[in-house]
Amino acid sequence: MFKLLMENCIGRHGQEYKCFICHCTLPFDNFQVIEEHIQKEHHRAVADIRAWHKIPQSKEVKKLGLLSEEEYEELVKNKIIFKIKHYYCYYCKCSLSRPDEHIGGKAHRRRYDFQNTHINGRSRDKAPKVEIKKVSKPKGKENFFRGTISLKQHHIKLVESTNTFVCEICECSLPDQSNVFCHIEENVHEYKLAQQEVNPVIQLHKINCDIHCKKCNILLNNNETLLQCHCLFHLYKEQPNIKLDIVKFQFDKNHQVDISCLLCNVTAHSDKEMAVHLDEKSHLDSLNLWNRSIRRNSRKVLPDASDKIGMNSKELDNYIFDPAEDLEICMKDKNNENMINLEEYDKFYKCFLCRKSFDSITTLFQHCGKSFIHNHKLKIFFMIYNSSNAVDIQDLLVTNNTSRSYSSRATKPLNNASSRNLTNTVQAKPSSKQVDKTVDKVVKKKEKKDRKPRERKNPLAYNQDILDIGDSYISMCLESGSENIYNVDKDAIHQMEFGTCLTVSMKPSIVCEPFKHERMCIPCGYKILPSFYYLCEHLQHEIHIQNLDDMVASNKDFDGYKDQFSDLDLAKSYMLEESDEEVKCFACEKLVPNSDNEIKNHICLPAHILKMQLCKKDADIINENMSIFLKNLWYYIDRFSCKLCNVRFDREIRFVKHLQDKQHCSSILKLNEKENNKINICFGCCSCWFGESNYMQHYTEPLHIQAFKRFDELLPQIPKKAITYLMNSDQIVQDLIDDSNEIAYNQQYKEQKLLESAEETVRSFYPNVKAYAFGSRTSYLGLATSDVDVFIDCENKYSEIGSKEVSQAYIQTTKNQFCKKYAHIWKKEKILLNPRVPIMKMEHKTTKLKCDISFLSGLGVEKSKLIRNYVIAYKHCRKLILYLKQWFSMCDLYGPQAVNAYAISWYAIFFLQIKGILPSVKKLIEWKDQSKIVDGWQCGFPDKLTVSDTSYSFQDILQGFFSYYAEFDFCTNVVCPLLGQVLKKRTFVTFDDLPDGMEIYKNRVQTEEMEFFRYDSPMCIQDPVDLTQNITKAVSKYQLRYFKSYCAQSFKILSE
């Protein structure tokens, strides 16, 4: 029985069982119900993926299958479940490798006792007893800590009835003073304490049918609005001056509270009374009308919908107001208010203006500080509410049946009796015309919008995008075919090429330089600025197309008059009729009498014929470039929008997802048949949009005008310093090797001293600490400017799966050691907690070396060893990587937001794999034939490897590199050093298409919360170790375009 529970992630939960897959409780004494739950389809869908026999290369799985039924019972009783390659304790919320030791530990025992005895108010099973040495208890426990530590500061309280201590943030009981001292020194407590100071959390716990607030020590009704209002009560009490919402809290000297709804001008004296008002139909109607008025008078459509109806962020941004639907949503929320499961629903910080809930104060502040929609609504609301010139807010929100007038904004009190009949006393149906008029005044005053940072998207949301529209994205954006959005109509291409032939340089010369000077469009009589993109803009303009069509149509009138010249005939000879007397020849830059004989004589002149040929050659060059541009359109288009829904996107995959969105499709169905909405591409600003093909209107938009500042030439020229660098490549690479040898062989003692200092700094906290160097210096690719990457293994967890949260906790614990206690050794530069790998950027004062210190896992060390093995095996590999790092830097393509050093190394190694010189990473793993899992990834590589062919010179290798990547199709392909071959991006859409060697990637992304490989990035190279990482996902299309152009030019320079 208990083995079956373990296999299905079911653990003891008080007097019940809980399924940690479905997050539901099951009866303790009815095994038949549990078996029925296990057989349910939604449970089996996840349980089958996590089945023990499907987990590869796990010794723990083999041990797990040999346990006795009593041992399974002990694990289930202690809420310990097996996850992939490790055990997980739901009491302590941590991963572990030895459950027997963990169950007997102090921390687990405290949490077990606390959650089964203190919170629920009745005795339950005790955790396994472990002998603990007791310290004699002096009288007056509070005096014991006076002068040593502050119990209040550590959120620890003395329980007089039991004469014990309770830590509120860790939710555990502490029997005596010695346990208190041990507890406050634990890493978990210190980390939670640091988080508590930044983001204090209101602790709510379910007791029977009520909710217990630990801060107030009171019971609250299980009502969503009441709980949200109560949480904000604590927030405003601690920070009374903040203005986040239309609900306002005011405290007097005796801490008595008045809660006001500024929208309805209603005051309550408790959170319970205000919760009743906020659920009333009158308040919801007022809020709907206010939001609708804001939306009508704003440039951007503002959403009203609640998060509870399952909309994602984009759907909310595109939400269109529907009064009936909105009211239905509100009633659904109200009907379900007593069905809250506190263990699953934890978003109790509410923005009543936007009707969104958040799980912490931090996320609420992020919404209020960064959300353009919220700030726009709130700013206009307070401008109207506080402005003496504006209409009184109460005048806007009165019923048609009420004749009251409010001379002031003094709110009327709301007692318990009136709260029950609030619907009869406070009706709020504002006049929409009055609201629209008032909001119009405020919006017109605001000419410039403040820029707000975009809210970050959940990384795992990308997985859902791939599962939903991955195949459509490939078809519509990457692969050629009828569905591809970059397909350009053949007639449109022919029209542009024809239009180009009717343009001429204002200063023709023997040297063909089409964009050195302005060009004249003869059909339009318009000068075009000297740029390929300005020319494209003009050729797509509706006026130009109309002029061209008119010129072709009028040419038919001259069919029977061969001796006369139509406007089209003149244009083909680069001539334009300026008046009845004169015709201007732009090729010869002279005026010709407007007579058929004179024009004919001029056209037959050898000088004119020669200059005409030069002009045609110019046009041919432009059309050739345009053909290349249209064939490679994917590399240029990098901005997307839907003008129908008024939304913009910076990635193709999000644009494609929007085009298939139900709301977008419903908007299309509502359009008139005459409206021509389709996908349009502007070649001038390199943007793509869905909507009407109105280029005249598009050209007036600020984003189109600003886009021209980003463009230089169609084919950007490589910097001059890079040309010099290429012409002296042999001497330069030898100098680089000498510099790198100095670092690798003569400065190792400095790195060793730095590592010893790092270990000594944290040894007082972690006695078994071990520091490892990795990065370019350890791979024999370091230069004088290279920093040292350091991984500190605090608790012998080198090979375990790293966690960003745990890494952050280590940094929080040790930063004072580096920055204060050992400040004479270390100089702090920056601490970065938000990146995927949190780091501390420090300088070691003794050796003057700069370093990046991380605590995540030993995977970075293994990656550096792998690159070092390739570098040692083939000397030209080292030369190539060192040379390319400088080349990328000179071309302004090097850096964290471009191509980093790690990516450069793998681009070089992959090219040598393609040449057949170096083996693939997969072959190295097969040669070693000895598994080594670090951070969940295969790192079983041999220390030595063989090279197939060493007859190439460095110049051959360098030229080959530039030639290969100049022609590489980044649109549809992925560089895969693991297999040593090119993979199609479509391969990553479904797991069934993944080739052999990707099994560990397939298993991990299906069974763990990991982001899929980002194949929607312009440049894709898969990390050969951490297979979920695209190590060039930060590269933009703009940078990729320059990289390919520079590679082509470098190859040409080296070949000459």
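An open sheet of five strands, with mixed pairing, has the strand order E28-E29-E32-E31-E30 (strands are DSSP runs of E with at least two residues, helices runs of H or I with at least four, both numbered from the N terminus; two strands pair if DSSP finds at least two bridges between them). Its edges are strand E28 (770-774) and strand E30 (826-832), each of which pairs on one side only. On average, neighbouring strands are turned by 25 degrees against each other, direction ignored. The model is predicted, and local features need pLDDT of at least 70, side-chain atom pairs pLDDT 80 or more, while totals for chains, interfaces and linings use all residues. Residues are numbered from 1 along each chain as its sequence is written, and side-chain values use heavy atoms, without hydrogens and water.

Within the sheet, E31 (residues 839-844) and E32 (residues 849-854) are antiparallel partners over six bridges. Met842 has Cys851 of E32 as its bridge partner.

Helix H35 (residues 748-762) packs on the sheet and touches E28, E29 (788-793), E30, E31 and E32, its direction making about 145 degrees with that of E28. Helix H36 (residues 804-821) lies across E29, E30, E31 and E32 and runs at about 15 degrees to E31. Axes are lines fitted to C-alpha atoms, for helices over the stretch in contact, and angles run from 0 to 180 degrees between N-to-C directions.

Definitions and conventions
Contact means heavy atoms within 4.5 Å.
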